[in-house]
Amino acid sequence: DAMQIVELERTLKTFPLDEPVSIDGESVYLRVDLDGAELGVHFLESVTDQQLQDVLQLGFQSAMEFDAGWALSSDGNTLLLTQWLPGARDWTQVSEALEQLLNQVEVLRTLEVFTSTKTEQNSSRDEQRVRSKLMKGE
């Protein structure tokens, strides 16, 4: 376990700031500012108005479980899931938040599948079932 932690820290030290890096197939970035850093994931590229509406509806339950929230990229084309980390200066200080953010993305992507592959009525039932499990911590 200690070896894994050392290896993780070594890897994190190589990641650039303010540029996306690929972690577990996700495009993740850390944008450092004077009093902290924004940790973010590119959740959905070329987002449409309908996708934005669907994902925002799904995200409310997730916000109860996790600390990250939604944002749009400066050009308005990419839906981001972001978290502000006060005092963070580099990747080595955000490993726990990074793991939580990637877990949140995994949950949200599962929910998104329901809305894009099922009928509206089935989607609502499936979404309610998954939301119920999230609330119970299953």
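Modeller: Let's begin with a pocket lining. For the second largest pocket, the lining divides into five nonpolar, four polar and four charged residues. Keep in mind that this is a predicted model.

Colleague: What volume does the second largest pocket have?

Modeller: About 160 Å³. It is lined by 13 residues. Closest to its centre are Tyr29, Arg31, His42, Ser73 and Leu80.

Colleague: Which elements give two or more residues to that lining?

Modeller: Strand E2 (26–33), E3 and E4.

Colleague: And the largest pocket, how much space lies in it?

Modeller: About 230 Å³. The lining has 13 residues, and Leu8, Ile23, Asp24, Leu98 and Leu102 lie nearest the centre.

Colleague: Which element supplies the largest share of that lining?

Modeller: H3, with six residues. H1, E1 and H3 each supply at least two.

Colleague: How does the lining of the largest pocket split by class?

Modeller: Six residues are nonpolar, four are polar and three are charged.

Colleague: Let me step back. How many helices and strands does the chain have?

Modeller: Four helices and five strands. From the N terminus the order is α-β-β-β-α-β-β-α-α.

Colleague: What percentage of the residues count as buried?

Modeller: 37% of the 138 residues.

Colleague: And what share of the contacts comes from residues 24 or more positions apart?

Modeller: 62%, taken over the contacts with a separation of 6 or more.

Colleague: New topic, aromatics. How many aromatic pairs are there?

Modeller: The structure holds two. One is Phe15 with Trp91. Their ring centres are 5.4 Å apart and the planes meet at 80°, so this pair is edge-to-face.

Colleague: Why does that pair tie together separate parts?

Modeller: Phe15 lies in the loop between helix H1 (2–14) and strand E1 (21–23), while Trp91 is in the loop between strand E5 (79–86) and helix H3 (95–117). Those parts are 76 residues apart in sequence, so the pair ties them together.

Colleague: Is Trp91 buried or exposed?

Modeller: Trp91 is buried, because its relative accessible area is 1% and the cut-off for buried is under 20%.

Colleague: Which residues form the other pair?

Modeller: Phe43 and Trp70. That pair is edge-to-face too, at 5.1 Å centre to centre with 70° between the planes. Phe43 is in strand E3 (residues 36–44) and Trp70 is in strand E4 (residues 69–72). They are 27 residues apart, and the pair links distant parts of the chain.

Colleague: How accessible are Phe43 and Trp70?

Modeller: Phe43 counts as buried, at 3% relative accessibility. Trp70 is partly exposed, with a relative accessible area of 23%.

Colleague: Which residue lies over the face of Phe43?

Modeller: Arg109, at 4.4 Å from the ring centre.

Colleague: I also clicked on Gln83. Where is its place?

Modeller: Gln83 is in strand E5. With a relative accessible area of 9%, Gln83 is buried.

Colleague: What does Gln83 touch, leaving out residues up to four places away in sequence?

Modeller: Ala37, Glu38, Leu39, Asp67, Ala68 and Ala97.

Colleague: Now backbone angles. Which residues have a positive phi although they are not glycine?

Modeller: Asp18 is one of them, with a phi of about 65°. Ser46 has a positive phi of about 50°.

Colleague: Where are Asp18 and Ser46 found?

Modeller: Asp18 is in the loop between H1 and E1. Ser46 is in the loop between E3 and helix H2 (49–65).

Colleague: How accessible are Asp18 and Ser46?

Modeller: Asp18 counts as partly exposed, at 46% relative accessibility. Ser46 is exposed, with a relative accessible area of 57%.

Colleague: Last one, Glu19. Where does it lie?

Modeller: Glu19 lies in the loop between H1 and E1. Glu19 is partly exposed, with a relative accessible area of 44%.

Colleague: Which residues does Glu19 touch, not counting those up to four places away in sequence?

Modeller: Val28 and Tyr29.

Colleague: And how far apart are Glu19 and Arg31?

Modeller: They are twelve residues apart in sequence. In space, Glu19 and Arg31 are 7.7 Å apart, C-alpha to C-alpha.

Conventions. Residues are numbered from 1 along each chain as its sequence is written. This is a predicted model: local features need pLDDT of at least 70, side-chain atom pairs count only at pLDDT 80 or more; totals for chains, interfaces and linings use all residues. Side-chain values use heavy atoms; hydrogens and water are left out. Rings of Phe, Tyr and Trp (its six-membered ring) pair if their centres lie within 6.5 Å; planes under 30 degrees apart count as stacked, over 60 as edge-to-face and the rest as tilted. Buried means under 20% relative accessible area, exposed over 50%, partly exposed in between (1.4 Å probe, protein chains only). A charge sits over a ring if NZ of Lys or CZ of Arg is within 6 Å of the ring centre and within 35 degrees of the ring normal. On a 1 Å grid over the protein atoms alone, a cavity is a set of points where a 1.4 Å probe fits but cannot get out, and a pocket is an open set with protein on both sides within 12 Å along at least five of seven lines; lining residues have an atom within 4 Å of a point. Grid points are joined across faces, edges and corners, and a volume is the space filled by probe spheres set on the points. Ala, Val, Leu, Ile, Met, Phe, Trp, Tyr, Cys and Pro count as nonpolar, Asp, Glu, Lys and Arg as charged, and the others, Gly among them, as polar. Contact means heavy atoms within 4.5 Å.
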